Amino acid sequence: MEHYTDNELVEAYREGDDEAFTLLTNRYVDILYRFVYRLIGNPSAAEELTQDIFLKSWKSLGKFDATKEWKTWLFAIARNTSIDWLRKKKSINFSQFDDSEGESTFADTLRDMEPLQHELFETKENEVLVKNALETLPVDDQTIIMLHDSEGLTFEAIGEVVGKPLNTVKSKYRRALVKLKALLAPNI
Amino acid sequence: MTLTFNEIPVPKDLTSRIHDAIAKAHVARRRMMVFVGSTFGALSLASMVLLVRTIYTSLEASGFFSYISILFSDGSAYWKEIGLSILDSLPVWGIAAFLAVTTAFIVSTAQVIRNTRKTFITSKIIAWN
């Protein structure tokens with residue numbers, strides 16, 4: 001069963017194989033914990049939320065659409081749960097750069113639209129700088145960057161996670177990279 | 001650009017804690033199903049008893065037993081007519097209700113047995129861990 005795809009494991013679990021969900025959980029515990037930790041920045045809360053997320057996914061397994069990807073659905077639950085936690089803590093970073101429609105006036109003033117350079121990530125110090133800069137971005141921007149660059153999700157899948165259209169996701173990704181570059185520019 | 005966060009240490013016991021939480025939620029759900037199944041089973045059984053009495057009373061009132069008696073005593077020549085009378089005297093709705101309630105009882109009992117067994121096994125696993 002180790003070689004089953006995620007959706008095959010879900011199907012096996014629905015047919016009565018309890019072991020299938022255990023395998024599914026094992027695949028994503030580490031990834032999900034790190035994703036949540038990056039979003040909320042609190043390790044003990046990240047542990048609790050990760051547990052909650054898997055419980056929620058188990059409880060609502062009946063609602064999972066087998067034509068979609070399990071990973072996408074799981075990250076959508078993770079994102080929503082993390083945002084709920086941040087709202088309760090009132091520490092959500094709705095960027096001061098974004099207007100009411102989520103468009104960034106700050107990004108619009110930037111002229112340099114080149115992508116970030118690989119050299120930025122070559123040293124440990126730069127990695128720390130990037131991560132600190134990432135934390136200043138709005139939650140959705142962080143989510144999009146992490147899911148695209150760390151988890152390798154397509155923009156379409158990310159759109160399902162964050163509940164936004166494909167073009168909006170791509171646009172937010174580009175703007176987020178521009179913001180990151182602006183924040184990191186003094187250190188390059 | 002590839003961001004890696006693999007240096008973020010994951011608590012060693014997180015996976016087992018998640019499995020335990022899900023197993024406990026599983027047990028709670030099965031206990032609920034045992035409770036619901038038992039309730040339905042008890043109601044079905046009570047309904048079965050009531051329906052048997054009702055059907056018996058209807059059969060007496062409709063002359064069913066009399067027709068049966070005639071059929072086996074001296075009804076060989078008129079077996080078709082007597083047969084039709086017997087069918088006519090059957091309380092069809094009562095019998096249909098009895099079959100439905102019996103099915104519900106069997107299904108409820110099977111649910112209770114299955115969930116009780118699984119709850120027992122899962123509880124043992126949680127206790128051992």
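Reader: Is N167(A) buried or exposed?
Author: This is a predicted model, and the values here are computed from it. N167(A) sits in helix α9 (residues 166-184) of chain A. The cut-off for the exposed class is over 50% relative accessible area. N167(A) has a relative accessible area of 59%, so N167(A) is exposed.

Reader: What separates the C-alpha atoms of N167(A) and E156(A)?
Author: Along the chain, N167(A) and E156(A) are 11 residues apart. The separation of their C-alpha atoms is 9.0 Å.

Reader: How many helices and how many strands does chain A have?
Author: Along the sequence, the pattern of chain A reads α-α-α-α-α-α-α-α-α. The count for chain A is 9 helices and 0 strands.

Reader: What percentage of the residues in chain A is buried?
Author: Chain A exposes about 9700 Å², of which carbon and sulfur atoms supply 49%. Among contacts in chain A with a separation of 6 or more, 63% are between residues 24 or more positions apart. Chain A has 188 residues, and the buried share of them is 48%.

Reader: How many residues of helix α4 of chain A are buried?
Author: Helix α4 covers residues 70-89 of chain A. From its first C-alpha to its last, α4(A) reaches 29 Å, close to the 28 Å expected at 1.5 Å a residue. The helix is mostly covered, and of its 20 residues the number buried is 14.

Reader: Which residues have the most contacts inside the largest nonpolar core?
Author: The largest nonpolar core has 62 residues. Its largest share, 12 residues, comes from helix α2 (residues 18-40) of chain A. Apart from this core lies another of 5 residues, including I55(B) and F64(B). In the largest core, the residues with the most contacts are I40(A) and W70(A).

Reader: Which residues does W70(A) touch, not counting those up to four places away in sequence?
Author: W70(A) is one of the residues with the most contacts inside the largest nonpolar core. Leaving out residues up to four places away, its contacts are D6(A), N7(A), V10(A), F21(A), L24(A), Y28(A), S57(A), L61(A) and F64(A).

Reader: Which residue meets D6(A) in a salt bridge?
Author: D6(A) counts as buried because its relative accessibility is 11%, and a buried residue is one under 20%. The N to O distance in the salt bridge is 2.7 Å, and the partner of D6(A) is R27(A).

Reader: Where in chain A do E135(A) and R38(A) lie?
Author: E135(A) and R38(A) form a salt bridge, with the closest N and O atoms 3.5 Å apart. E135(A) is partly exposed, with a relative accessible area of 41%, whereas R38(A) is buried at 8%. The pair links parts of the chain 97 residues apart: E135(A) is in helix α6 (residues 124-135), and R38(A) is in helix α2.

Reader: Is D141(A) buried or exposed?
Author: D141(A) touches K172(A), A176(A) and K179(A), not counting residues up to four places away in sequence. K179(A) is buried, as is D141(A). The relative accessible area of D141(A) is 3%, so D141(A) is classed as buried.

Reader: Which residues are linked with E47(A) in a network of salt bridges?
Author: Over all chains, the count comes to 8 salt bridges. In the network, E47(A) is linked with D13(B) and R17(B).

Reader: Which residues make the nonpolar surface patch of about 430 Å²?
Author: F35(B), one of its residues, lies in helix α1 (residues 14-62) of chain B. F35(B) is exposed, with a relative accessible area of 56%. The patch is made by M32(B), F35(B), V36(B) and F40(B).

How values were computed
Residues numbered from 1 in each chain as written. Chains lettered and ligands numbered in written order. Predicted model: local features only at pLDDT ≥ 70, side-chain atom pairs only at ≥ 80, totals over all residues. Heavy atoms only, no water. Helix = DSSP H or I, 4+ residues; strand = E, 2+ residues; numbered from the N terminus. Expected span 1.5 Å × (residues − 1). Buried < 20%, exposed > 50% of the residue type's maximum accessible area, 1.4 Å probe, protein only. Core = buried A, V, L, I, M, F, W, Y, C linked by side-chain atoms within 4.5 Å. Contact = heavy atoms within 4.5 Å. Patch = residues over 30% accessible without salt bridge, like charges linked within 9 Å, V, L, I, M, F, W, Y side chains within 5 Å. Areas by Shrake-Rupley, 256 points an atom, 1.4 Å probe, with all protein chains shown as cover. Salt bridge = Lys/Arg side-chain N within 4 Å of Asp/Glu carboxyl O.
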